[in-house]
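Subject: Model handover and findings

Hello,

Here is the model for you to look through. Please open it before reading on.

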Amino acid sequence: MITAWVTGGSSGIGRAIAGALVEHDVRVVLSAREKTRLEQAAESITTDDNRVKPIVCNSAGSRDVEALMRSVSNSWAGSIFW
């Protein structure tokens, strides 16, 4: 299964892209800097099979990105990122 990482996923274009990807059977790692809005966005597009994983992350920071990648690897082993 393909896994896509969508940054800025708590609103606007990022949220719309994440929703469209989920509709096409893609697992989505949804990231943004603000936890509350991120969780709200994830809830609005979450499916019954848990294809949306919200992770608070500042994609400009290497430590945040490394933590995100570890979290996804632990949850979704064998994920392919696009």
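Below are the findings, from the whole chain down to single residues.

First, the ground rules. This is a predicted model, so local features need pLDDT of at least 70, side-chain atom pairs count only at pLDDT 80 or more, and totals for chains, interfaces and linings use all residues. Residues are numbered from 1 along each chain as its sequence is written, and side-chain values use heavy atoms, with hydrogens and water left out.

**Whole chain**

There are three helices and four strands. Helices (H or I, at least four residues) and strands (E, at least two) are DSSP runs, numbered from the N terminus. Their order along the sequence is β-α-β-α-β-α-β. The radius of gyration is 11 Å, close to the 12 Å that the globule rule gives for 82 residues, so the chain is as compact as a globular protein of that length. That radius is taken over C-alpha atoms, and the rule is 2.2 Å times the number of residues to the power 0.38. The C-alpha trace spans about 30 × 30 × 20 Å along its principal axes.

Of the 82 residues, 35% are buried. Buried means under 20% relative accessible area, exposed over 50%, and partly exposed in between (1.4 Å probe, protein chains only). Now the contacts, meaning heavy atoms within 4.5 Å. Among those between residues at least 6 apart in sequence, 54% join residues at least 24 apart.

The chain exposes about 5100 Å², and carbon and sulfur atoms supply 49% of that area. Areas come from the Shrake-Rupley method with a 1.4 Å probe; for residues, only the protein chains shown count as cover.

The charges come to 9 positive and 9 negative side chains. The centres of the two sets lie 7 Å apart. Lys and Arg count as positive, Asp and Glu as negative; His and the chain ends are not counted. Each charge is placed at NZ of Lys, CZ of Arg, CG of Asp or CD of Glu.

**Helix α2**

Which residues of α2 (residues 35-45) are buried? They are L38, A41, A42 and I45. Seen down the helix axis, they fall within an arc of 100°, so they line one face of α2. The arc is that of the directions from the helix axis to the C-beta atoms. An α-helix has 3.6 residues a turn, so residues three or four places apart point the same way. The cover over the buried residues of α2 includes α1, β2 and β3 (52-56).

L21 sits in α1. L21 is partly exposed, at 23% relative accessible area. Leaving aside residues up to four places away in sequence, L21 touches A4, V6, V26 and V28. L21 and A67 are 46 residues apart along the chain, with 23 Å between their C-alpha atoms.

D25 lies in the loop between α1 (12-23) and β2 (27-32). Its phi is near 60°, a positive value in a residue other than glycine. D25 is exposed, with a relative accessible area of 52%.

R27 belongs to β2. Is R27 buried or exposed? R27 is buried, at 14% relative accessible area. The C-alpha atoms of R27 and G12 are separated by 19 Å, with the two residues 15 apart along the chain.

**The loops around β3**

D49 is in the loop between α2 and β3. D49 is partly exposed, at 47% relative accessible area. D49 and L68 are 19 residues apart in sequence and 20 Å apart in space, C-alpha to C-alpha.

A60 is in the loop between β3 and α3 (62-75). A60 counts as exposed, at 73% relative accessibility. A60 and V29 are 31 residues apart along the chain, and their C-alpha atoms are separated by 16 Å.

Best wishes
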